[in-house]
Amino acid sequence: MELTLQYFDGCPNWKIAERRLATLIQQQGLEVEIRYQLIDSPEAAAEHGFRGSPTILVNGSDPFAAPDAPVGLSCRVYPTDDGPAGSPTLQQLAEAMQAASG
């Protein structure tokens, strides 16, 4: 499984996502490395289809992307059971990774 964490420096939420991914990898004993991709311009955001920071790609796909979500340098908001948040929950990340692994 390939995990990529896309982010831009103006949004602190990517660090929360990073910690949650690391926790999940450790809890599940996965041999997965997180790749980091800094998106540093509106042009890079358009080129990579970046829908906000943090974006987590699982095997190259964004399991949380809404089809109408705008592309650009912004902090992303994720719907969770506890309301809007700046990162997916551990449970949401686990489900996305499980779905990607078949």
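Analyst: What follows is an account of strand β1, its partner strands, the core and the salt bridges.

The model is predicted; local features need pLDDT of at least 70, side-chain atom pairs count only at pLDDT 80 or more, and totals for chains, interfaces and linings use all residues. Residues are numbered from 1 along each chain as its sequence is written, and side-chain values use heavy atoms, with hydrogens and water left out.

Strand β1 covers residues 3–7. Helices (H or I, at least four residues) and strands (E, at least two) are DSSP runs, numbered from the N terminus. Of its 5 residues, 5 are buried, so β1 is largely enclosed by the rest of the structure. Buried means under 20% relative accessible area, exposed over 50%, and partly exposed in between (1.4 Å probe, protein chains only). In a regular strand the side chains alternate between the two faces of the sheet. In β1, Leu3, Leu5 and Tyr7 point one way, while Thr4 and Gln6 point the other way.

The sheet is open and has 3 strands in the order β2-β1-β3, with mixed pairing. Two strands pair if DSSP finds at least two bridges between them. Strands β2 and β3 stand at the edges, each with a single partner strand, so one side of each is left without a neighbour in the sheet. Neighbouring strands are turned by 25° against each other on average, direction ignored; the axes are lines fitted to C-alpha atoms, for helices over the stretch in contact, and angles run from 0 to 180 degrees between N-to-C directions.

With β2, strand β1 pairs in the parallel sense over 5 bridges. Threonine 4 has arginine 35 as its bridge partner in β2, and glutamine 6 has glutamine 37. Between β1 and β2 the chain passes through α1, in a β-α-β crossover that is right-handed (with the strands pointing away from the viewer, the path from the first strand over the helix to the second runs clockwise). On the β3 side the pairing is antiparallel, over 4 bridges, and leucine 3 stands opposite valine 58.

Leu3 and Leu5 also belong to the largest nonpolar core, which has 15 residues; together with Leu21 and Ile56 they touch the most other members. A nonpolar core is a set of buried Ala, Val, Leu, Ile, Met, Phe, Trp, Tyr and Cys residues joined through side-chain atoms within 4.5 Å. At least two residues of this core come from each of β1, α1 (13–28), β3 (55–58) and α3 (90–101), and the largest share, 5 residues, comes from α1. Leaving aside neighbours within four places in sequence, the contacts of leucine 5 (heavy atoms within 4.5 Å) include Trp14, Ala17, Ile34, Tyr36, Pro54 and Ile56.

The structure holds 2 salt bridges, each a side-chain nitrogen of Lys or Arg within 4 Å of a carboxyl oxygen of Asp or Glu. In one of them, glutamate 2 pairs with arginine 35, the closest N and O atoms being 3.0 Å apart. Glutamate 2 lies in the segment before β1 and arginine 35 in strand β2 (residues 34–38), so the pair ties together parts that are 33 residues apart in sequence. Glutamate 2 is partly exposed, with a relative accessible area of 37%; arginine 35 is partly exposed too, at 48%.
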